[in-house]
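Here's a quick tour of how some of the pieces in this fold pack together. Have the viewer open while you read.

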Amino acid sequence: MLRLAAARLLDERDGPAVQTVLAEDPVAACIVASKVEWAGLDPWRLDGELWGYTTRSGRHRTVDALCFAGRNLIPLSGNASALRSFADRALRLGRTCYSLVGPAEQVLGLWAELEPAWGPAREVRDDQPLLAVRDIPPLPPDPTVRQVRPHEIDRYLPAAIAMFIEEVGVDPRLGDGGSAFRARVAELIAAGRAFARFEHGDVVFKAEIGALSRSVGQIQGVWVHPDRRGSGLGSAGTAAVVDRIVRGMGRTASLYVNAYNAAARTAYGRIGFTQVGRFATVLF
């Protein structure tokens with residue numbers, strides 16, 4: 001039997017090869033690139049491991065495919081052989097992630113290998129258009145949307161929790177009372193990557209830059225208070241965050257959305273987003 005090449009744990013010596021793979025599709029790679037650019041390849045600082053797969057041999061350390069393994073399992077690239085190799089490593093280590101997310105071809109291919117042991121999944125979202133915009137949005141941004149200040153976390157957190165429950169279907173306070181979720185929200189606020197519109201002390205729109213690489217900012221957690229939906233707050237608010245990423249930071253703005261969410265896709269189209277790829281998510 002032909003033995004598959006094994007996925008291996010990457011380290012700092014693999015840095016140039018990793019950067020080459022990440023640069024092939026900067027929008028799709030934003031989540032992983034943001035981690036690597038900040039923490040390097042040391043697992044402790046990276047809060048996870050970066051696995052590599054290659055079919056080539058020689059003196060130079062080359063990488064043909066990448067997979068990040070942390071709270072999320074993110075296969076960025078790779079053919080069927082690479083995905084089988086990543087699955088073999090994941091199965092040996094056991095499931096510690098909350099989801100699989102990333103380019104649809106890789107996520108669904110990896111899930112096909114893992115499902116017999118890890119399934120059934122709570123939900124498989126197999127069609128999530130990956131959108132990007134590189135220009136200042138044609139839709140005027142909401143001028144009242146601003147960065148959330150650290151002392152406002154208690155006003156912001158209920159909206160973040162409501163968004164998470166709506167989007168993921170799980171209360172983030174389960175298990176530890178919400179301390180880990182609060183800590184992650186606090187980190188985003190401290191980094192200036194949480195945005196909101198406040199009215200009478202309440203959040204009526206929110207969004208975050210969940211991942212920020214040198215070239216791309218990926219928006220997450222877009223939410224409008226139920227009483228204000230349909231009023232245009234979501235479009236204008238998201239346009240404000242896009243404007244901050246594109247004009248304020250000189251980066252491409254991106255996000256991914258469920259294909260069935262026609263209202264959101266229409267709103268994002270008005271902001272200038274176009275589809276550049278397709279993501280998939282497997283939730284446990």
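Helix 4 passes helix 5 in a right-handed crossing. Keep in mind that this is a predicted model.

**Helix 4 against helix 5**

- Two packed helices are described by the angle between their axes and the distance between the axes.
- For helix 4 (residues 80–93) and helix 5 (residues 104–118), the axes come within 9 Å and cross at roughly 40°.
- That angle makes helix 4 oblique to helix 5, because the roughly parallel class stops at angles under 35 degrees and the roughly perpendicular one covers 65 to 115.
- On the helix 4 side, the residues in contact are Leu83, Arg84, Phe86, Ala87, Ala90 and Leu91.
- Their partners in helix 5 are Glu105, Gln106, Gly109, Leu110, Glu113, Leu114, Ala117 and Trp118.

- Helix 1 runs over residues 15–22, and its buried residues are Gly15, Ala17, Val18, Val21 and Leu22.
- Those five sit on the same side of helix 1, because they cover an arc of only 160° around the axis.
- An α-helix has 3.6 residues a turn, so residues three or four places apart point the same way.
- Over on the other side of helix 1, Pro16 and Thr20 are exposed.
- What do the buried residues of helix 1 pack against? They meet helix 2 (30–39), strand 2 (49–53) and strand 3 (65–69).

**The nonpolar cores**

- In soluble globular proteins, nonpolar side chains tend to be buried together.
- Here the largest nonpolar core has 28 residues, and Val18, Leu22, Val32, Val36, Leu50 and Leu66 have the most contacts inside it.
- Helix 1, helix 2, strand 3 and strand 6 (123–133) each supply at least two residues of this core.
- Helix 2 gives the most to this core, with six residues.
- Apart from this core lies another, of 24 residues, among them Val133, Leu233, Ala253 and Leu255.

**Arginine 247**

- Is arginine 247 buried or exposed? Its relative accessibility is 54%, so arginine 247 counts as exposed, the cut-off being over 50%.
- Not counting residues up to four places away in sequence, arginine 247 touches Ile136 and Val242.
- Arginine 134 is 113 residues apart from arginine 247 along the chain, yet their C-alpha atoms are separated by 9.3 Å.

Methods
Residues are numbered from 1 along each chain as its sequence is written. This is a predicted model: local features need pLDDT of at least 70, side-chain atom pairs count only at pLDDT 80 or more; totals for chains, interfaces and linings use all residues. Side-chain values use heavy atoms; hydrogens and water are left out. Buried means under 20% relative accessible area, exposed over 50%, partly exposed in between (1.4 Å probe, protein chains only). Helices (H or I, at least four residues) and strands (E, at least two) are DSSP runs, numbered from the N terminus. The arc is that of the directions from the helix axis to the C-beta atoms. Contact means heavy atoms within 4.5 Å. A nonpolar core is a set of buried Ala, Val, Leu, Ile, Met, Phe, Trp, Tyr and Cys residues joined through side-chain atoms within 4.5 Å. Axes are lines fitted to C-alpha atoms, for helices over the stretch in contact, and angles run from 0 to 180 degrees between N-to-C directions. Angles under 35 degrees count as roughly parallel, over 145 as roughly antiparallel, 65 to 115 as roughly perpendicular and the rest as oblique. A crossing is left-handed if the near helix is turned anticlockwise from the far one by less than a right angle, and right-handed if clockwise.
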